[in-house]
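Please keep the sequence and the structure at hand while reading.

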Amino acid sequence: MPELPEVETIARSLREGRLNEPSILERRITDVYLLWERTLATPDPEEFKARLIGQVIQDIGRRGKFLIIQLSPDQHLLFHLRMSGDLILGQVEGPPAPHDRIILLLDGNLRLSFNDTRKFGRAWLVSDTGPILENLGPEPLDPTFSAEDLFSRLQTFHRQLKPLLMDQTFLAGLGNIYTDEALHIASIHPLRHSDTLTFAEATRLWQSIRHVLQEGIRLSGASIDWVYRGGEFQNHFRVYKRTGEACPTCGTSIQKIFVGQRGTHYCPNCQPNPQERVQY
DNA sequence: CCTGAAACCTGTCTGC
DNA sequence: TGCAGACAGGTTTCAG
């Protein structure tokens, strides 16, 4: 499921609570179950359990698509949800749900489950988040991330624009949905090479990236298929999963192509193909 | 340096 | 109905 807005939505709901769900702040971890070993990246299962039990949750944050649960100044529990991961909080009742991979029991009869159908997700318990997070690019919603920053970074590479935007070392947080949406709003073709964008185009792209991410967060993320629940950004897609439907801007039929092995949706009128532009 | 393919997984949907 | 194949919100690794 998760791109930046979905991870941010989960982080906020765990931190602040929401309807019928309490905050997990200040809760103590009373027990740990590892139901699928490969979900745990580090440390080994025994140490994982021993170091977690008794810890109290101090804060919940996010960096890119990583969800970060801070337990103490030198104990951080990180989750990456990859394609199908989710964190589900509920009362302890009955057996684990299908696809639960890691379960934390919290005081107050609460159960925090890392549920992940496709088993791509990972968890890390580390004293220092540096090695895991240090290669991530800037946070797109950080107030210090400017259009000038994006423009200069784009000029550093001669790469297809969409895969570059989804490269987490270039920019942290965009995935397939929000990249397609941002490129459509900016009227830029996904196959443009990054160093061909003008400053005006880079500025439009910067604005559209921040806009779609903020809208995604405002709408509590996108809920598609069997994964995730609650968000409604999926009702506001302009191009994603709308192949053959009318472009909301000009009415042209939305096209789907593959870019870097990922399904890519765009409007051939609003986002002209660079290879078809007449060269003088 | 850049691109594409494959791998890691399970579930759903489409088409024959 | 059954079954093969394509595809899905991500990332890593390898070949060319």
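At what angle do helix α4 (residues 147–156) and helix α7 (residues 199–218) pack, and how far apart are their axes?

## Helices α4 and α7

In this predicted model, helix α4 and helix α7 pack at an angle of about 120 degrees, and their axes are 9 Å apart. The two helices, α4 and α7, are therefore oblique to each other, and their crossing is right-handed.

On the α4 side the contact is made by Ala 147, Glu 148, Leu 150, Phe 151 and Leu 154, while α7 contributes Phe 199, Ala 202, Thr 203, Leu 205, Trp 206 and Ile 209. By class, the residues of this contact between α4 and α7 divide into nine nonpolar, one polar and one charged.

## Helices α6 and α7

Helix α7 also packs with helix α6 (residues 176–185), and here the axes come within 8 Å and cross at roughly 130 degrees. That angle makes α6 oblique to α7, and α6 passes α7 in a right-handed crossing.

From α6, the residues that make the contact are Tyr 178, Glu 181, Ala 182, Leu 183 and Ile 185, and from α7 they are Leu 205, Ser 208, Ile 209, His 211, Val 212, Leu 213 and Gly 216. The contact of α6 with α7 is made up of eight nonpolar residues, three polar residues and one charged residue. Leu 205 and Ile 209 of α7 are listed in this contact with α6 and also in the contact with α4.

## Helices α1 and α7

A further partner of α7 is helix α1 (residues 4–16), for which the axes come within 8 Å and cross at roughly 35 degrees. The crossing of α1 and α7 is right-handed.

In this contact Leu 4, Pro 5, Glu 8, Thr 9 and Arg 12 of α1 meet Leu 213, Gly 216 and Ile 217 of α7. These residues of the contact between α1 and α7 divide into four nonpolar, two polar and two charged. Leu 213 and Gly 216 of α7, which meet α1 here, also belong to the contact of α7 with α6.

## Backbone features in two loops

The peptide bond that runs from Thr 42 to Pro 43 is cis, with an omega near -5 degrees, and Pro 43 lies in the loop between β2 (40–42) and α2 (45–52).

## Surroundings of DNA strand B

Of the atoms of DNA strand B that come within 4 Å of the protein, sugar and phosphate account for 67%. By class, the protein surface near DNA strand B has two nonpolar, six polar and four charged residues.

An N or O atom in the side chain of Arg 38 is 2.4 Å from a phosphate oxygen of DNA strand B.

Methods:
Residues are numbered from 1 along each chain as its sequence is written. Chains are lettered from A and ligands numbered from 1 in the order in which they are written. This is a predicted model: local features need pLDDT of at least 70, side-chain atom pairs count only at pLDDT 80 or more; totals for chains, interfaces and linings use all residues. Side-chain values use heavy atoms; hydrogens and water are left out. A residue is near a molecule or strand if one of its heavy atoms lies within 4 Å of it. A polar contact is a pair of N or O atoms within 3.5 Å; within protein, one must be able to donate a hydrogen and the other to accept it, and residues adjacent in sequence count only if both atoms are side-chain atoms. Ala, Val, Leu, Ile, Met, Phe, Trp, Tyr, Cys and Pro count as nonpolar, Asp, Glu, Lys and Arg as charged, and the others, Gly among them, as polar. Axes are lines fitted to C-alpha atoms, for helices over the stretch in contact, and angles run from 0 to 180 degrees between N-to-C directions. Helices (H or I, at least four residues) and strands (E, at least two) are DSSP runs, numbered from the N terminus. Angles under 35 degrees count as roughly parallel, over 145 as roughly antiparallel, 65 to 115 as roughly perpendicular and the rest as oblique. A crossing is left-handed if the near helix is turned anticlockwise from the far one by less than a right angle, and right-handed if clockwise. Contact means heavy atoms within 4.5 Å.
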